[in-house]
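Here is a short tour of the fold you have on screen. Keep the viewer open and follow along from one spot to the next.

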Amino acid sequence: MVGFKHTLCALLLTMVTGMAIAQNNTNSPYTRYGYGDLSDQSFGNSKAMGGIAFGLRDGAQINPLNPASYTAIDSLTFLFEGGVSLQNMNVSGGGVKLNAKNSSFDYLAMQFRLHPRIAMSVGLLPFSNVGYSVSDSKDENGVSQTRSFTGDGGLHQLYGGIGVKVLKNLSLGVNASYFWGAITRSLTQLYPNTASAYSYIRQNAVSVSDYKLDFGLQYTQEFNKKHSATIGAVYSPKHKLNNDYTITTQASTTNSNDLDATLELPNMFGVGFTYNYDRRLTVGVD
């Protein structure tokens, strides 16, 4: 078992460093809707397999998308892993072209064994990102109109997960996450050739602070020393979030209204299968 001081220092480093870099960095008009651009929460080994995760089981890799996988780690291993992404994006529309280069924080996590049948993982994951700034103009019947849409923010989760080997080949796991973030979206409507009373700015702001649960299961069958197969399943229950929603309109006067609008996470579930040959070849599907 990993020493208590070692574990505590790594946990504090994860939280402090992760919260310092867990910021939005995206430029996409598609993030104008919903929670924005949902983040790919898979880690390096999962990304290298095209994003599959539910049946992946490797004691040298962290796989938070199925907490049952934590029990694959051995007593002499302590994992600490982080990831970032670089993105080059080209967007065009209405004769206008935009090139955006973004870097983003992907994940920061650690994993260790607590008991021969129990293992734990702690980490920070982004859930969604919002970032855009678009505008359009038109002239109808001599009246000019300009609209600008902007948005920024995102949602994050700090998780702690436990995996338990209930039978030799069967493991169960659960992640409990602190789920938080804020998203702000604004519309600026201007009429340059008319009285300023017709122009306005409307801002929608939502902040979230709640919890999130994710459950996982994995069953591994070893046929011999070189051949094995794993079946995995995951489930996240539907959950209404504790959130505040405010709409502020600035015109000749400023009005601010708190709305009784509740955001929620839907039921999410998945199954996966992987086949492993001699720890050199892995084939899988989710």
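## Starting at Ala72

Which residues does Ala72 touch, not counting residues up to four places away in sequence? The answer is Arg57, Asp58 and Gly59, where contact means heavy atoms within 4.5 Å. Ala72 and Asp58 are 14 residues apart in sequence, and their C-alpha atoms lie 6.0 Å apart in space. You will find Ala72 in the loop between α2 (44–47) and β2 (79–93). With a relative accessible area of 26%, Ala72 is partly exposed; buried means under 20%, exposed over 50%, and partly exposed in between, using a 1.4 Å probe and protein chains only.

## About the model

This is a predicted model, in which local features need pLDDT of at least 70 and side-chain atom pairs count only at pLDDT 80 or more, while totals for chains, interfaces and linings use all residues. Residues are numbered from 1 along each chain as its sequence is written, and side-chain values use heavy atoms, with hydrogens and water left out.

The chain has two helices and 14 strands; these are DSSP runs numbered from the N terminus, helices being H or I with at least four residues and strands E with at least two. Of its 286 residues, 38% count as buried. Among contacts in the chain with a separation of 6 or more, 66% come from residues 24 or more positions apart.

## A cluster of rings

Five aromatic pairs turn up in a search of the whole structure. Rings of Phe, Tyr and Trp (its six-membered ring) pair if their centres lie within 6.5 Å; planes under 30 degrees apart count as stacked, over 60 as edge-to-face and the rest as tilted. Tyr35 and Phe127 are edge-to-face because their planes stand at 80°, with the ring centres 6.1 Å apart. This pair links distant parts of the chain, 92 residues apart: Tyr35 sits in the loop between α1 (4–21) and β1 (37–38), and Phe127 in strand β4 (residues 118–140).

Phe127 is buried, at 10% relative accessible area. The rings of Phe127 and Phe179 also meet at 80°, with centres 5.0 Å apart, so they too are edge-to-face. Phe179 belongs to strand β6 (residues 170–190), so its pairing with Phe127 ties together parts 52 residues apart in sequence. Phe179 is buried at 0% relative accessibility, and Tyr35 is buried at 17%. Ring pairs link Tyr35, Phe127 and Phe179 into a cluster.

## The nonpolar cores

A nonpolar core is a set of buried Ala, Val, Leu, Ile, Met, Phe, Trp, Tyr and Cys residues joined through side-chain atoms within 4.5 Å. The largest has 14 residues, and Tyr35, Phe127, Leu155, Phe179, Val208, Leu241 and Leu265 have the most contacts inside it. Two or more of its residues come from each of β4, β5 (143–165), β6 and β7 (200–222). Another core, of 10 residues, lies apart from it and includes Phe43, Ile73, Leu79 and Ala119.

Leu241 is worth a click: not counting residues up to four places away in sequence, its contacts include Tyr35, Phe179, Val208 and Leu265. Beyond these, Leu241 also touches Asp210, Thr262, Leu263 and Glu264.
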